[in-house]
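Please look over the entry shown here before reading on. A short exchange of questions and answers comes after it.

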Amino acid sequence: MSCIVEIALSCPLRQTFDYLSDDPAENWQIGMRASVSFGSRQLIGIVVAIKPIAEKAVDKLKKIDQQIDKQSFLPNEIMQLVQWVSRYYHHPVGECFQTALPKRLRLGDPDEMQTETYWILHQQPDSTSKTGKKQQQILDLLEDYPEGLSEKALRVQLGNVKSSLSALVQQNVVAARQYVALPVPCLELQQQVLLNNQQKQSIETILGSKGQFSTFLLQGITGSGKTEVYIETCREFVENQQQVLVLIPEIGLTTQFVERFRQSLNASIVVINSSVSDSDRKQAWLLARAGKADIIIGTRSAVFTPMINPGLIIIDEEHDSSYKQQDGLRYHARNVALMRAKSLNIPIVLGSATPSLETLYQVKQQRYQFLELTERAGGASLPKVALLAAQNSSENNGLSSSLINAIEKHIKQNHQVLLFINRRGFAPVLMCHQCHWQANCRSCDAKMVVHQHQNRLFCHHCGLIQILPKICPECGNTELKSYGVGTEKIEQALTAIFKDVPVLRIDRDSTQRVNSFANMVKQINQGQAAILVGTQMLAKGHDFHDVTLVGVVDADQALFSADFRATESLAQLITQVTGRAGRGKKAGEVLIQTEQPEHPFWQNLLQHGYESVADNLLSERIQMELPPHGFWAVWRAEAKEKDLAIELLQQVSGLLQQSNSSVLILGPVPALMEKRAGRYRAQLLMRSADRGALHQLIDQHIDSVTKLKLARKARWSIDIDPTELI
DNA sequence: AGCACGCCGACT
DNA sequence: GTCGGCGTGCTC
């Protein structure tokens with residue numbers, strides 16, 4: 001008896017496809033993969049339904065080419081989750097499955113875990129045969145592991161063991177077994193750290209919600225020991241054979257975080273981030289699904305990792321913008337995680353020193369429980385924060401004389417200094433002194449940034465690269481001048497001022513080479529006086545113990561930005577940065593150089609702290625009916641031809657207006673930077689106090705939008721709960 | 001989105 | 001005479 005199998009395929013069509021299978025329905029399960037011919041190509045899809053043969057139009061159906069999985073592949077929970085994501089974000093279901101699966105499995109790799117060789121003691125060595133030193137070491141070690149020890153672990157401890165092992169095999173003393181390859185455990189676990197009362201209380205409260213859905217905001221200033229709270233909470237779950245999913249931001253600096261878990265917990269910990277190879281991702285995913293990974297630490301897409309016995313979800317730095325995907329399926333991992341925790345009926349912890357307004361809003365509505373850590377570990381005090389008027393700073397390449405003096409003071413004490421400039425390159429503007437020509441990007445509405453080290457102009461929006469011109473292309477003048485500051489210029493200025501002090505620049509340009517970042521960190525941690533100049537990437541995730549002065553050079557930009565979220569991010573950045581100064585015994589100092597020291601934002605932040613700023617911003621947003629107040633969706637469109645995007649959105653707007661709905665339609669308007677990477681962009685906003693009404697309106701019209709002629713000429717997408725409104 | 005089919009311009 | 005440009009139409 002054959003059957004019909006309904007398959008979700010990765011294509012932008014908002015539908016699934018029926019195929020004919022020769023196998024009986026019993027041989028199929030929802031969530032299995034199948035290979036089918038689709039149009040003229042071969043695709044792999046996910047089975048979403050199995051149906052009996054119906055009379056109608058069976059002859060139109062193609063046959064399934066291959067059933068890839070013989071046993072269940074995607075657990076029901078993940079099937080439900082991905083289908084919910086597809087409905088909630090109004091994104092084609094096949095593409096949702098695509099984002100949820102590791103590449104190798106998406107492409108049809110069998111779902112078999114990699115194995116590795118384990119060695120076990122087979123019998124006691126014959127007393128007559130002589131055993132070498134290395135061989136004896138192996139035997140001694142294996143004696144402690146009656147269930148065997150992996151060859152990898154033997155190698156880690158004893159070095160090259162290949163020849164000794166084969167000798168032992170010859171004597172029939174040891175035997176090899178193939179077992180599933182687990183992550184290499186830490187050899188020496190660290191002693192459990194002493195927790196303060198706030199930490200203990202937080203852990204207890206979270207554990208009190210074991211086995212039931214409950215959301216916690218764990219707010220703790222930098223250095224207050226959030227990670228210890230995570231680790232000790234995990235310990236409890238791991239001891240109960242329950243798995244923990246830990247989401248982390250997408251910054252390449254996760255090693256320290258992961259190491260602390262590894263060194264503290266006797267558990268199988270897998271990592272899924274961008275530096276993990278495709279085959280290791282697949283292995284981590286399979287280990288998690290099989291319950292052989294106790295803790296899964298990963299970035300955004302790890303939220304879809306299946307677990308056999310999930311107990312807890314943790315989202316570290318929950319305010320981080322990398323949790324929201326900004327193309328394709330525009331999901332927010334925090335949102336998906338919340339949904340997942342709810343349907344699994346397990347607790348979820350959102351951790352941050354500077355929670356997002358969304359999360360604070362929920363705390364205010366008493367939907368999340370608030371946990372707070374206010375004490376810094378080791379009794380370190382928070383640094384003094386002061387504002388510096390930026391007057392005359394342009395004469396010193398963007399550094400005011402008081403900032404330079406402060407740097408000198410800290411350097412003289414053999415301490416380290418950290419300076420933030422949130423712009424890569426040398427200078428953001430190149431201009432002709434004579435005719436006022438400016439170096440602009442030809443594909444974007446943006447200026448080209450001077451990168452002197454590489455003797456090039458870069459567009460930071462589309463990646464266009466040009467040779468740095470020596471003469472003005474308009475009038476031939478040789479007097480080209482650059483304006484503004486970037487990391488390179490600050491680096492150069494400081495090198496000139498402090499001749500004997502190493503100046504390290506840390507940004508995407510200087511850390512691109514493999515290991516260069518790790519090497520820099522190593523150098524920094526040697527503890528000699530040094531000045532570190534860098535972008536935001538320095539603010540996150542890394543502890544530099546000898547830094548006593550943190551300077552913020554171009555803090556003002558955000559205060560004038562048209563993006564209403566800029567002040568929120570600035571308050572978060574300054575607060576995070578403040579935590580970077582003076583850990584341990586050395587007293588810290590933070591200096592913020594600004595053109596507007598009188599600005600109420602600074603006064604509020606310095607006198608009352610992040611929470612107060614966040615509070616104000618939140619009331620402001622509520623008053624102005626901006627997110628997180630109300631429910632928002634935005635249609636985005638882009639086209640190579642000018643005005644095409646906006647025309648398409650005008651038609652979309654027309655369709656939406658046909659319904660008599662409570663949803664407010666705003667726009668369409670061109671994007672703030674209309675042209676980017678050669679495309680003109682526009683957006684159409686929807687807002688409602690009623691989430692259901694918003695989604696209903698989209699569902700009502702999305703098919704007609706797909707059928708619009710213009711929808712083929714312009715790229716369009718829909719963004720639910722947008723985090724960027726421009 | 002891919003990919004095929006289809007109908008008009010400059011080239012071995 | 002052909003190669004190839006991208007318009008439009010379909011994908012169980």
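This is a predicted model: local features need pLDDT of at least 70, side-chain atom pairs count only at pLDDT 80 or more; totals for chains, interfaces and linings use all residues.

Visitor: Which residues are around DNA strand B?
Guide: A residue is near a strand if one of its heavy atoms lies within 4 Å of it. The residues around DNA strand B are Pro-12, Ser-40, Arg-41 and Arg-712.

Visitor: How far is a polar side-chain atom of Ser-40 from a sugar or linking oxygen of DNA strand B?
Guide: A polar contact is a pair of N or O atoms within 3.5 Å; within protein, one must be able to donate a hydrogen and the other to accept it, and residues adjacent in sequence count only if both atoms are side-chain atoms. For Ser-40 and DNA strand B, the distance is 3.0 Å.

Visitor: Which ring has the charged end of Arg-33 over it?
Guide: A charge sits over a ring if NZ of Lys or CZ of Arg is within 6 Å of the ring centre and within 35 degrees of the ring normal. The charged end of Arg-33 lies 4.0 Å from the centre of the ring it sits over, that of Phe-73.

Visitor: Which residue in S8 stands opposite Tyr-118?
Guide: Strands (E, at least two residues) are DSSP runs, numbered from the N terminus, and two of them pair if DSSP finds at least two bridges between them. Strand S6 (residues 115–121) runs antiparallel to S8, joined by seven bridges. Opposite Tyr-118 stands Arg-177.

Note on methods. Residues are numbered from 1 along each chain as its sequence is written. Chains are lettered from A and ligands numbered from 1 in the order in which they are written. Side-chain values use heavy atoms; hydrogens and water are left out. Helices (H or I, at least four residues) and strands (E, at least two) are DSSP runs, numbered from the N terminus.
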